[in-house]
Amino acid sequence: MPVEPEYTEPIEPSAAVAEANRKAAEAANAADEKDGKDFADASRFQIAPPDVPVITSRKDPEKVVWDFAGYEFLEPDGRSQARTINGSLHRQGELTAVSGLFQVTSCREYRVYQVRGYDLSNMTIIEYDQGLIIIDPLACYETAQAALKLFRDKTELTKEQRPVKGLLYTHCHVDHFGGARGIFAELGDPLEPGVPVVAPAGFLEHAVSENVYAGPAMARRAQYMYAAQLDKSPTGQCGSGLGLTISTGEVTLIPPTAYIGGPDHQPVEKKNWQSSYVIPWRQGLYVYEFKDSGFPLVFQLTPGTEAPAEMNIYLPDARTLCVAENATHTMHNILSLRGAQVRDAHAWSKYLTEAIQIFGKDTDVLFASHHWPMWAEVENEEPGEQLSNARILEFLNKQRDMYGYLNDQSLRLINSGHTGIEIAEQLKELPPGLGDHWYNRGYYGSMSHNLKAVYQRYMGWYDGNPAHLWELPPVQAGAAYVEAMGGAEAVVDKAQHAYDSDTADGFRWAAELLNHVIFAAAAENGSPLAEPQVTRAKELQAKVFTQLGYGRENATWRNAYLTGAQEVVHGPQPLITSQSSVDLIRSTTLEQYFSALARSVDGPTAAERHRTPIVLDWVFVDAGTGAETGEKCTTTLRNGVLVFVEGGDRFVVTPDATIRLSREALNELAEKPGYKNNFNQAVDDKKITLEGADAQAATDAVFGTLTLPDPRFPIVTPRTRS
Ligand SMILES: [Zn+2]
């Protein structure tokens with residue numbers, strides 16, 4: 001039974017936090033009075049708002065996977081009253097809460113629609129006389145299904161009149177492919193929808209690897225980033241900067257059938273460039289035409305920007321550019337707080353420069369897979385005045401400048417010996433020409449953590465100071481600090497004093513002091529802490545985190561602090577994450593599959609228990625005929641490591657076991673916990689055959705070393721002593 005948090009009384013904002021939030025709201029109000037374009041753009045050409053209060057799980061109708069009604073408090077009227085939300089963040093929340101079906105643009109050949117506010121991301125629909133092309137089918141089955149249904153209901157274009165004829169993924173993040181199968185729900189869940197699915201080169205490999213290797217830890221930390229366990233309210237979750245939050249339904253994936261930049265889709269040569277592509281030829285552009293559509297789409301690959309496999313899409317007939325997630329109405333993440341590989345701010349700015357050069361003169365409409373579009377406009381309403389896309393160009397240029405600035409300025413200071421922490425303190429704001437645009441504010445990424453991310457990219461975790469080379473771990477350090485500072489009572493008093501200063505730096509110091517007390521409680525040999533002292537430290541830490549959360553303009557920081565405030569008192573809460581995806585397991589390469597298995601080997605125990613290598617040969621057969629497919633590999637458990645050799649290990653004469661199975665049977669082993677049992681069951685069911693004198697002992701030995709991740713590990717409190 002999940003334990004309900006005991007306290008429901010929200011913590012009051014401090015006087016200084018409330019005042020700062022009010023001032024930020026006033027500034028936002030004044031700015032919107034002068035220039036209301038963001039709000040005009042966010043609701044422009046709205047056809048219909050959402051027509052349901054929530055979207056529920058298809059497997060468990062009790063479970064809400066998306067909640068429209070929860071965000072009703074995010075009204076412009078509430079901005080000035082919200083003492084617990086930074087006024088600028090409130091404004092961003094209001095904008096991302098504008099939801100429903102919107103027309104983006106139209107031309108003779110097609111119309112472009114978006115469904116926004118149905119997930120973290122947007123779904124874009126190109127509708128033409130023969131059918132629909134979907135760009136980015138949201139993060140889960142249920143929201144994608146609901147978004148397409150809204151389109152059908154409001155346009156009255158049925159699945160017979162406008163069948164889905166193609167799917168495009170702009171990049172390899174789950175909020176852009178997870179709903180793929182939901183699009184085809186209207187056809188009764190076909191296994192293979194039989195339409196082209198187009199993605200940038202490298203898509204599948206990266207889509208899988210990001211979600212498989214460190215998936216459990218990222219899912220846990222995503223709870224902090226999106227505050228999934230908190231109420232949606234002015235004292236709780238109020239968005240995530242990039243969108244309201246991420247949906248929690250079933251993640252699916254339909255593997256691409258065509259890759260832009262893959263062997264079959266290479267850049268168009270100059271001699272084959274056509275005037276119907278509108279923009280002039282340039283090296284490295286791709287063109288793809290969906291069958292029967294009769295109109296071309298032009299692609300610019302942007303690998304290593306916001307995602308390792310990503311692309312911009314140009315719609316020549318509509319003079320419209322989709323910038324994927326390369327330019328949005330926020331400073332994006334160079335490093336996501338949920339944990340990820342560091343992104344390349346330099347590549348990001350470079351590809352934006354390229355996009356401006358390629359498409360900038362011929363773009364009247366700009367949209368992305370998050371937030372609202374921008375349109376060229378008639379500036380002076382003079383007769384005969386042409387459309388001007390100056391605003392779009394300014395936006396793209398200033399987003400580019402921002403990523404360039406983050407990269408270059410961090411590197412400049414790195415080369416003068418500054419560490420990540422120091423750089424983040426020196427460069428708190430972008431220069432005025434950049435930072436005074438709402439779209440460059442840090443709602444999702446932040447100056448602070450992005451500058452540190454650039455440091456991490458080039459320099460790694462170590463700052464070069466040997467005092468930090470071999471630091472004590474948190475529990476041991478906590479105990480030592482508490483003792484050095486005169487005991488827990490004294491440390492909590494000092495933290496209270498810092499808290500009472502009612503300044504951000506006071507809160508930051510209090511958080512550090514209290515963290516030492518809370519972690520010291522788990523020390524074996526540290527000074528014994530009385531239970532009331534630890535409770536007092538935790539309760540004060542909840543207040544400290546809450547003030548830090550209420551005061552932040554950055555939504556993901558707010559979410560992290562407020563989730564920390566809940567967990568420091570009540571412990572880790574039940575996870576609310578999307579349902580694990582069998583599609584992702586099915587899409588792994590053998591190398592990825594066995595790498596994922598290898599990360600769950602209990603290395604120390606395996607090395608101790610199995611002093612000689614255990615060799616398993618895997619031979620793959622067709623699930624239907626049982627004939628060998630020619631695919632083979634070897635896995636060897638040695639020294640606590642599961643080593644994978646594609647095609648079979650040439651040095652092995654006699655494996656300890658030869659395992660014959662279909663790829664489908666291999667997938668099933670990983671689809672539910674208990675690998676060893678699943679394997680033995682599959683052998684009993686004759687889905688797998690085993691050869692070798694001691695084959696059963698060998699497989700039991702190898703699979704017996706596999707452990708399960710702990711999906712609810714504590715973060716703001718120590719692991720309990722075991
Ligand atoms: Zn996204």
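**Entry 1: the zinc site**

Donors here are N, O and S atoms within 2.8 Å of the metal (3.2 Å for Na, K and Ca), and water is not among the atoms, so sites may look incomplete. The model is predicted: local features need pLDDT of at least 70, side-chain atom pairs count only at pLDDT 80 or more, and totals for chains, interfaces and linings use all residues. Residues are numbered from 1 along each chain as its sequence is written, and side-chain values use heavy atoms, with hydrogens and water left out.

The protein donors of the zinc ion are D175 (OD), H176 (NE2), E325 (OE) and H370 (NE2), and they lie 2.0 to 2.1 Å from it. D175 sits in the loop between strand 8 (164–168) and helix 5 (180–183), and H370 in the loop between strand 15 and strand 16, so this pair ties together parts that are 195 residues apart in sequence. Helices (H or I, at least four residues) and strands (E, at least two) are DSSP runs, numbered from the N terminus.

Why is the arrangement irregular? The four donor atoms subtend angles of 82 to 171 degrees around the zinc ion, which makes it so. Four donors count as tetrahedral if all angles lie between 85 and 135 degrees; four count as square planar and six as octahedral if opposite donors are over 155 degrees apart and all others between 65 and 115; anything else is irregular.

I then checked burial, where buried means under 20% relative accessible area, exposed over 50%, and partly exposed in between (1.4 Å probe, protein chains only). D175 counts as buried at 7% relative accessibility, and H370 counts as buried at 1%.

**Entry 2: H371**

H371 lies in the loop between strand 15 (365–367) and strand 16 (374–375). H371 counts as buried, because its relative accessibility is 5%. A polar atom of the H371 side chain lies 3.3 Å from the backbone oxygen of L242. I listed the contacts of H371 (heavy atoms within 4.5 Å). Leaving aside neighbours within four places in sequence, they include Q92, R116, N122, L242 and H329.

**Entry 3: L148**

I found L148 in helix 4 (residues 141–155). L148 counts as buried at 3% relative accessibility. Not counting residues up to four places away in sequence, L148 touches M123, L132, I134, V164, I183 and E186. I also looked up E192, 44 residues from L148 along the chain; their C-alpha atoms are separated by 18 Å.

Terms used. Polar contact = N/O pair within 3.5 Å; in protein donor to acceptor, adjacent residues only side chain to side chain.
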